[in-house]
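Work through the exercises below with the sequence and the model side by side. Try each task before reading its solution.

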Amino acid sequence: MLFSNQAYSQQNNFSWKAGVGSVEITPSESIWMGGYAARDHPSEGVRHSVWAKALAIEDRSGKLAVLVTADLLAFRKTLSDKIRTRLRDEFGLSKDQIILNSSHTHTGPETDYARFQFQLNESESNKIQQYADRVEQQVVEMVGNAIKLLEPVTLSSENGVTRFQVNRRNNKEAQINAQTELNGPNDYAVPVIKVEDQKGNVKALLFGYACHPTVLSDYRISGDYAGFAQLELEKLYPGTTALFFQGAGADQNPLPRRSVPLAKQYGKELAAAVERVLNEEMNVLEGNLATAYSEIDLTFAKAVPTKAELEDIISGATPGYPDYLKESAKVLISKLDNGENIKDSYPYPVQAWKIGDQPIFAFGGELLVGYSLELKKIFGPDIFVMGYSNDVMAYIPTKKVLAEGGYEANRSPIFTTQWAASIEDNIISEAVRLAESLGIKTVEYPLIAP
Amino acid sequence: MRNCKKNMNCFQYLSLWAITCYCFFNPALLLAQKASAQWRASVAKVDITPKFPMWMAGFASRTGPSEGTIHPIWSKALAIQDSENNTAVLITSDLSGMPRDMSRRIKDEIRIRYSLSDAAVLLNFSHSHSGPVLKDYLYHVYPLSEGEIEKVINYSAWLEEQMVELVGEVLKGLAPARIYSENGVTRFQVNRRNNTESAIDIISDMVGPNDYAVPVLKVTDMEDNIKAITFGYACHATVLSVAQWSGDYPGFAQIELEKMYPGAMAMFFQGAGADQNPLPRRTIPLAKKYGKELAAAVECVLEEEMKPLAPQLKTAYSEVELGLNEPPSNQVLEKMIKESSGHYQRWAKMMYEKVKNMEVDTSYPYPIQIWKLGDQFMIALGGEPVVDYSIKLKTQYGKELFVLGYSNDVMAYIPTRTVLNEGGYEGATSQIAFGHPGTWKPTLETEIFIRINEMMAKF
């Protein structure tokens, strides 16, 4: 007891300020849901409320950053840009100071009006647009509130572990109950940041995991396992706001899946992993914040499609494209018809934060687990890696996955082509460049094994 | 010296049971049959936490007796009785294991007092490494003083009586019940032979084999209130190596489930977890985390539909004589006595004496027990079986099978021939910790399976 008192008073200088916000974003009416192309009608009720949450942190020198998490499939570019533009205009926050991370729940509302404009009737697609506008407004207001509520805090970080994710590329879901060995690669880490107020109360818990929230595929709105994990933590730590962020979980599924009790089980397992981190000693973070953001132009393996090629896809003259990709072809054609080009590259967001000595990397798109593992080889196992941040435009395969092919490899934002094979090198080198600019250290591997 | 019983009748304890077919053709009888065609069940438990500091079982590295308690440890009993009054009692304990002689005394006393055969009584041990050392059990692993041995003897005598009385108590409470079974899943275990513990934080691809199953039996009363949650997992209870009593992760899992389901007794059985460790490990928060993960897996099973088991119980017990290789030569033993230390040295001295007095065991009676509740099979093996036993049994008898290790007598690791061939602790050096003269004959896997197959053929 004496020891812990001493430890507490040593860190009692509160070199950080933090403000927390949360806002319920549960749709008020039945709405199209994001995640599964196979769904043929809008939502039917709510399993539990879905939320957007904000953690604003300010270091000793007054440098501010805001992380927003949400029980949504994605913050795609249109919505993300609108929100970030308003955060710049209203609160002076630049892109490097904002991370918008979506949990990637597959039982959340859709927010991408453009994608569904030809597929849905006007009433349904209008609902999506209205809902996206509502989320934009709510997120901006919530961030404003979080900034207003800044108060002295202690920040600590640490990685925990749990293993309910399964590499879905290298294991067969249908045989999951019979498998006695699961193939990787995996990232079992459960990154956690604890925010404590001056009284030592846990004010916010930021935690992540690299795994698709795809336990559920039904028509009831929920945050999937990530929603259950947040509920469990907010029950375990009354008064706290639990914020989940998605990691490099593009090729990771929670298996077995497809039942509510399983979603709850994984939520509880994840919460137990976070609770364990809190019950052990955590790394107390010094009050220095550094942020960096850039967008790099990622190119494609093939030339972008012509209108004639897209029309052949829609008509079926070019076989092999399911209906939902034909919808994508229609969207591209409408762009061309409006006199816009289909760009032959995509502006891909890469971001790095250094909170005290805790590095955080945040990437756009559905990031494959290989990225997290490669970055940990460069910067050590303690870094946090987020995918699904600031924009979700496509899967982001490693060069190995690109070569192997398959679902996560075969498309880019332009559905007719893969990403160019240089994608991994370009993304990792940009992350390294941002890390260097923030003073994030690389691992010094020993010359002689200890 | 142990008295090895050769050529024992392997089915002498097989309790016989048969369906009376004619009732299906007699409507009146069928109705009468239906009314009484139900399980009866009962639960009871006893706190077996030592009341004073004692030497703890499981790790040769501990340097002194216990210092306090994290949470109490328990023996828990579930009695079940089918519609023909066939009765069986499962006793699970937060203990590392139990030697044959002690288990024998307990089962003999249960037979005498309550007329339950060996087949009808199943003792399973969670393999918590935070429980007490028991009488005549691996003394040479721990530097026990005479005073400490006396405490072990006194505690063990008390424990034996507690476990016998527990059976008496649980049999008194038999009441109409429903029983269900199903397997869940969780993955906090790690195959410790094929993954490096010190590199666990950077391993991105774990190597198996593994058995991720979480077998669950649910026992409810006729109003569907849960009375017992019997669940298992194949993983060493070795998160903790501190000097405080606890049930390790299974202890925390049982506490969590009893909190989630007030009025229910949660009891944990250890599976074929000999080569599986909960990793990372060594902190109380981790033990609690794994307990909660396991409890969440059980909760998931309880919330989903479970398979109702018909009130038909059949039990069988058998022992198969497994061959042991000879001890090292006297020269090797003498060298070990001179040059080694700790339990290796104590084992060498013990073995040297046994060789001199021609008391070396050449085989060991290995216990196998099978229960069938409705159509749910439970195969309970003695010793510390490596996970491949479970995997192979499920390959043969279906993935719904429940496999228990650490049952009735925990006399040694039980490697497969593959593990023997690979060598290492579970195949070879653990025999020293268990006081055996040499490795198992590599025929053990075949002999165990042949016996199981014979027993299963009678069901």
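This is a predicted model: local features need pLDDT of at least 70, side-chain atom pairs count only at pLDDT 80 or more; totals for chains, interfaces and linings use all residues.

Residues are numbered from 1 along each chain as its sequence is written, chains are lettered from A and ligands numbered from 1 in the order in which they are written, and side-chain values use heavy atoms, without hydrogens and water.

**Exercise 1.** Find the buried residues of α11(B) and state what they pack against.

Solution. 
- Locate the helix (a DSSP run of H or I, at least four residues, numbered from the N terminus). α11 of chain B covers residues 444-457.
- List the buried residues (under 20% relative accessible area, 1.4 Å probe, protein chains only). They are L444(B), E445(B), I448(B), F449(B), R451(B), I452(B), M455(B) and M456(B).
- Look down the axis. These residues cover an arc (of the directions from the helix axis to the C-beta atoms) of only 160°, so they sit on the same side of α11(B).
- Recall the general rule. An α-helix has 3.6 residues a turn, so residues three or four places apart point the same way.
- Name the partners in contact (heavy atoms within 4.5 Å). Among them are β14 (313-323), β15 (363-373) and α8 (387-397) of chain B.

**Exercise 2.** Describe the largest cavity.

Solution. 
- Define a cavity: a set of points on a 1 Å grid over the protein atoms alone where a 1.4 Å probe fits but cannot get out.
- Take its volume, the space filled by probe spheres set on the points. The largest cavity has about 170 Å³.
- Inspect the lining (residues with an atom within 4 Å of a point). Of 17 lining residues, the closest to the centre are R163(A), L182(A), Y188(A), M206(B) and Y212(B).

Note on methods: Helices (H or I, at least four residues) and strands (E, at least two) are DSSP runs, numbered from the N terminus. The expected span of a helix is 1.5 Å times one less than its number of residues. Buried means under 20% relative accessible area, exposed over 50%, partly exposed in between (1.4 Å probe, protein chains only). On a 1 Å grid over the protein atoms alone, a cavity is a set of points where a 1.4 Å probe fits but cannot get out, and a pocket is an open set with protein on both sides within 12 Å along at least five of seven lines; lining residues have an atom within 4 Å of a point.
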